[in-house]
Amino acid sequence: MLYDSEHEIQKYFTEQQNREVILISDNEIISKMNLDKNVLYLGFRYELYCSSKSLSTPKCLVVCDISTEKAWELNERRPEQEKYIRKTFNDLVMRYEESNHSNRWDSPLINLQLDDTLPAEDIRKAIFEVAAPVPNQSTINAPLNSSSYLYDLDQKTQEVINSIIQLKKQGVEGENIELVDYGGKYLNKLDKSISLVQLAKSREQFLSYAKSHVSVTNSQSNIINVFIEFLNNNVTC
């Protein structure tokens, strides 16, 4: 049973494939960085997708597909210091975006049920028997020592947010909404339920992501393109 699939994967590659495997645990990161466990991370799979593209490294998403009730039951079995409180658990469930193989950041995708045997060979093939992804404009590293890069990053993302705010003030709603200030650019969806605070948090998340991962270029137009793509992939506006 796949109670601990990440360690099963690690064991397979180290013992049967003689490869070095570094297992990155959420709990270790939270402990080392002294982070609040109630912090919620959005767009994590998209970040991994961009990172793998920028490093020309194949990746594979393995998801244990279980019910909310079963997930809570497993959470209750964890060591006390690793458990999520009910409120945080419910928030994570509410914000969780189901993986979909048609999304390029979720592909290749291997969905597992709790009673499944780990398809280790399928995972190996998905990682080691495919061509390396080619970096594109949105994932090529940017020179952070550029004097204008951080300024452009801050200004251009705020301008996009301001355009969205104006649309909301005008009562514009629906799908495939054109951002008139950016010809040919669209929001997948514009929903009145999102608040200005949520938009601001999404922008801050993107700024943090762009600075720490150095994953956008210092081209102003490309910053805009990648930010709009980020919003479409991670936020229901």
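Helix α1 (residues 5-16) packs against helix α6 (residues 120-128) at an angle of about 70°, and their axes sit 11 Å apart. That makes α1 roughly perpendicular to α6, a label for angles of 65 to 115 degrees, with under 35 counting as roughly parallel, over 145 as roughly antiparallel and the rest as oblique. The model is predicted, so local features need pLDDT of at least 70 and side-chain atom pairs pLDDT 80 or more, while totals for chains, interfaces and linings use all residues. Residues are numbered from 1 along each chain as its sequence is written, and side-chain values use heavy atoms, with hydrogens and water left out.

**The α1/α6 contact**

- On the α1 side the contact (heavy atoms within 4.5 Å) is made by Ile9, Tyr12 and Phe13, and on the α6 side by Ala120, Glu121, Ile123, Arg124 and Phe128.
- Those residues divide into six nonpolar, no polar and two charged; here Ala, Val, Leu, Ile, Met, Phe, Trp, Tyr, Cys and Pro count as nonpolar, Asp, Glu, Lys and Arg as charged, and the others, Gly among them, as polar.
- The axes are lines fitted to C-alpha atoms, for helices over the stretch in contact, and angles run from 0 to 180 degrees between N-to-C directions.
- Tyr12 and Phe13 form an edge-to-face aromatic pair, at 5.1 Å centre to centre and 80° between the planes.
- For the cut-offs, rings of Phe, Tyr and Trp (its six-membered ring) pair if their centres lie within 6.5 Å, and planes under 30 degrees apart are stacked, over 60 edge-to-face and the rest tilted.

**Overall layout**

- The protein chain has nine helices and four strands, taken as DSSP runs numbered from the N terminus (H or I of at least four residues for helices, E of at least two for strands).
- Along the sequence, the pattern reads α-α-α-β-α-α-β-α-α-β-β-α-α.
- Buried residues make up 36% of the 237 residues, where buried means under 20% relative accessible area, exposed over 50% and partly exposed in between (1.4 Å probe, protein chains only).

**Nonpolar cores**

- A nonpolar core is a set of buried Ala, Val, Leu, Ile, Met, Phe, Trp, Tyr and Cys residues joined through side-chain atoms within 4.5 Å.
- The largest one has 29 residues, of which Leu153, Val160, Ile164, Leu179 and Phe206 touch the most other members.
- Helices α3 (44-54), α7 (149-169), α8 (196-213) and α9 (220-234), along with strand β4 (186-190), each supply at least two residues of this core.
- A second, separate core of 10 residues includes Ile9, Tyr12, Leu118 and Ala126.

**Around α3**

- Ser52 lies in helix α3 and is buried, at a relative accessible area of 10%.
- Beyond its neighbours within four places in sequence, Ser52 is in contact with Thr57, Lys59 and Pro133.

- Most residues other than glycine have a negative phi, and most peptide bonds are trans.
- Asn18, in the loop between α1 and α2 (26-33), has a positive phi of about 55° and counts as exposed at 72% relative accessibility.
- Asn176 lies in strand β3 (residues 174-178), with phi near 50° and a relative accessible area of 53%, which is exposed.
- Just after α3, Ser56 takes a positive phi of about 50°.
- The Ser107 to Pro108 peptide bond is cis, with omega near 0°, and Pro108 is found in the loop between α5 and β2.
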